[in-house]
Amino acid sequence: MLTAIFLPLILACFIPLISKWKYSIHTGWFVLIIPFSIFVYLIQQVGTRFSPFEKTYPWIPSMDIHFDLYLDGLSLLFGLLISGIGTLVVLYSIYYLHKSEQLGHFYLYLLMFMSAMFGVVFSDNVYVLYTFWELTSLSSFLLIGYWNHRKGSRYGALKSMLITVFGGLSMLGGLLLLTIVTDTTSIQEMISQKETIMNSPQFGWIIAFLFLGAFTKSAQFPFHIWLPDAMEAPTPVSAYLHSATMVKAGIFLIARFSPILSQSDWFFIIVSGFGILTLCWGSFMAVRQTDLKGILAYSTISQLGMIMAMLGFGTKIAVFAAVFHILNHATFKGSLFMVAGIVDHETGTRDIRKLGGLMTFMPITATLAFFGTFSMAGFPLPFLNGFYSKELFFDAALLHHFSVDGFAQLLKVIIPYLAVFGSIFTFVYSMYLVFGTFRGEYKEKELKTKPHEAPIGMLISPIVLVLGVIIIGLFPNLFNESFLAHAAQSIKGVEIHKKIKFWHGFNSIPLYMSLAVVAIGSILAYTRKRWSSVYNVIPGTLSFNRVYDWLVDKTTAYSEVVTESYMSGSLKHYVRYILIAILVVTFGTLWLTTDLTISNPDLASIGIPDMLVVSMMVIASVATIFTNNRIAAILILGVVGYGLAILFVIYRAPDLALTQLIIETVTVALFLLVFMHLPKLEKRNESKGTVFFNATVSILFGAMMTFVAIFSYSSKWFEPISDYFLETAVSLGGGHNVVNVILVDMRGLDTLFEIAVLGIAALGIYGMIKLRRDKGEK
Amino acid sequence: MEIVTSILSGILFATGIYNLLQKQLLRIIIGTALMSHGAHLFILTMGKLKRGKPPIIVEGVENYVDPLPQALILTSIVISFGVTSFLLVLAYRASRLNGTDNMEELRGNENE
């Protein structure tokens, strides 16, 4: 399993190299090997004797975070979907993406996503789960924005990123709470402690956070808005990420944690409520779309809602149906996305209003589309898998043996009706999709190129998926015991055996529900144009996109206002911020850590010459502020410097005094050289407020330095290391001048770097004086 | 005396900061120079003043002043000289190019 997770990542590292040969051999062929070999590995696990197993690799042992991997029925189902659909999608993309595209980028992102997705479904550690979860959002962002020259791509990418990462963060909150409550990071151990979790006061928060994570990822109402915009991605990506795998990660999360979450009464209300709402809204909105992929996007939303609702019911049959439908949805929706991609590729448009009558031009594609859509619609034919899961869904939605009270009771009563409502519209958009594209009148004028059948390579993947549809339809119990039962069992915790049958007899209510769907759906599909004005009323101009746009706009505008309020572009202001920050921090620390007592009897005597020099320096430094003459200012600065040199002499620092004298002389000379070229000092025309403010800040800063000096002088925390230098200067350094020994011997590297700094400064100065590449200079 | 030098160091910082907050580059450079003087004095004070002979080992002398602050200051003096001269030339260059050394007028970038 570790190999499965990291194999794609490892290959991703070599993609930039491989993609250099893309003109002689399409990069996709190299990539194809990876998901296929993982698929072969995983398919060997399938069987009736399969039992979950776990593997642990140490990652951050000190924080009890291990790379725990866990393979049970649920993760096996997802793993097979990721690798199986992944193989087909890569194969499809080889024909879909032209060699002139940036194939390296595409396959890099795709492999990254594959790794991340395997990581999500195989990990047993919440932090590993979270890491890979966010990696899927990230790679989805990159893939949606793959054609980054399109505005729609960038918008869609950003939108999906913001919404899913928001959900991911809230999920992290839930996972952290779970870790705190249970004191473990392993999901399986958490499940075994579900009583503890349920009785903890944070249980409500845990549920809320995890639901937010799952609902944003799986595009549940009202977070569904990112999925239609994500359709800007290349079609293989839409088929893979935004239909078969990534959007099902939210469902995976709910399924994985459902032993814990379903203990709450709210589980049914929230998960089923939002699921069924998403089902209805998604299918209702799908009929309104004009873009083929838009229809499929809303269709995906509604199907995800349906699976979510079934998980919410939590009954044996519902869980089984959910697992079954995850598989079925991947087959028919994957093939439909590929069909949409083929239509787009061959005609140059995905606008259903411009399409029509393509059946004569693309017979194979049309046949595939018919199978896909009729399966999606749940048409009662014994070779369409969609019908079986829809029938199971109806059966589950009737909620037999389900006793609840209060609001949940109301929900229980209306759910069957909503299920039928949603399915009717599912039927309508399925018919709309297939008949609008392949039947009807051929609109020659609307199309730029004459459509023709797709190359065989492009057809292989949808054909394989449609074969899947038919095989599952003909033999619905083929994978039942060996595969689906394990997945359902790992969600529900008990063994589930279910025989899927086509015919239940005349007494079964789901049969009549299905018939009602087909009957009403056909009428509505036929008369679609007559009632489509209903969309002007519901939703009309209302849209959650507006809420999203408003939020994003306002946040951007607000942060701009905030930033502009302090990023004034004036250096003076920035210096002020820095100074005030230093003042606050230092005074705050002084206030908190010292008791502000000065106790130091051990002071040097105050000598008359010292005091004279000190007072001279005070006067001179204050005078720099008030003089308005350039030469005077420079000379006064020199007075301060020479005064300091005298202080060095008094305080027994001969080397310092010498250096200071030389440097001060050179500095003054330099000032005098340069000042001729500088404008004269102007009289300051500052407002009194500015002067007062500057003065206050300066005086406070000076006071701060004085305080710091006195306090640090008063405190004796440790012995100075100076004695070491005094003792060893002769023996180790071989010199009698200790300061020199320190500089050139003990701390020789410091001095070397100091010389380097001076050298850099000298180069800079030379460059500034000599370079004459400027425009405005004479 | 340490208290006195601490206060002097504080005053040097205060005047340095005040100059730093001005608009003209020359004053700003003077401000940085004053601040580095203040910092040197600060470090020297931390090592105690007038406690013994200069740190040059002579036989028979037991007490020396602390050599470590002196070594630090020596490095610092040279560095601050480098900084000051760099700033001066920068100011010269900036005023040559823009005809002003007023920071308020040097704001913004070419794209505005």
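Let me start with where the two chains meet: 73 residues of chain B are in contact with 84 residues of chain A, contact being C-beta atoms, placed from the backbone, that lie within 7 Å. This is a predicted model, in which local features need pLDDT of at least 70, side-chain atom pairs count only at pLDDT 80 or more, and totals for chains, interfaces and linings use all residues. Residues are numbered from 1 along each chain as its sequence is written, while chains are lettered from A and ligands numbered from 1 in the order in which they are written.

On the chain B side, the elements that give two or more residues are helix 1 (2-20), helix 2 (25-46) and helix 3 (67-98). Helices here are DSSP runs of H or I with at least four residues, strands are runs of E with at least two, and both are numbered from the N terminus. Helix 3 of chain B gives the most, with 24 residues. By class, that side has 45 nonpolar, 18 polar and 10 charged residues. Nonpolar means Ala, Val, Leu, Ile, Met, Phe, Trp, Tyr, Cys and Pro; charged means Asp, Glu, Lys and Arg; the others, Gly among them, are polar.

Now the record for chain B. An unreviewed UniProt entry annotates residues 6-21, 28-47 and 67-92 of chain B as "transmembrane region"; such annotations may be inferred rather than shown by experiment. In the model, residues 6-21 of chain B are 94% helix and 0% strand, with end C-alpha atoms 23 Å apart. Residues 67-92 of chain B are 100% helix and 0% strand, and there the end C-alpha atoms are 38 Å apart.

One residue to look at is L34(B), in helix 2 of chain B. Is L34(B) buried or exposed? L34(B) counts as buried, because it has 28 C-beta neighbours inside 10 Å; the cut-off for buried is 20 or more other C-beta atoms within 10 Å, for exposed 12 or fewer, and partly exposed is in between. Leaving out residues up to four places away in sequence, L34(B) touches residues of both chains, including S621(A), T624(A) and V640(A), and also L12(B) and T15(B). L34(B) and S9(B) are 25 residues apart in sequence, yet 9.6 Å apart in space, C-alpha to C-alpha.

Next, helix 29 of chain A. In this helix, S722(A), F725(A), L726(A) and A729(A) are buried. They are on the same side of helix 29 because they cover an arc of only 100° around the axis, the arc being that of the directions from the helix axis to the C-beta atoms. E727(A) and S731(A), on the other side, are exposed. The buried residues pack against helix 30 (738-746) of chain A together with helix 3 of chain B. After helix 29 of chain A comes G734(A), with a positive phi near 70°.

Last, a hairpin in chain A. Strand 1 (residues 53-60) and strand 2 (residues 65-71) run antiparallel, joined by seven bridges; pairing requires at least two bridges found by DSSP. F53(A) stands opposite L71(A), and T56(A) opposite D68(A). Between the strands are four residues, and D64(A) takes a positive phi near 60°. Of the eight residues of strand 1, the number buried is zero, so the strand lies largely in the open.
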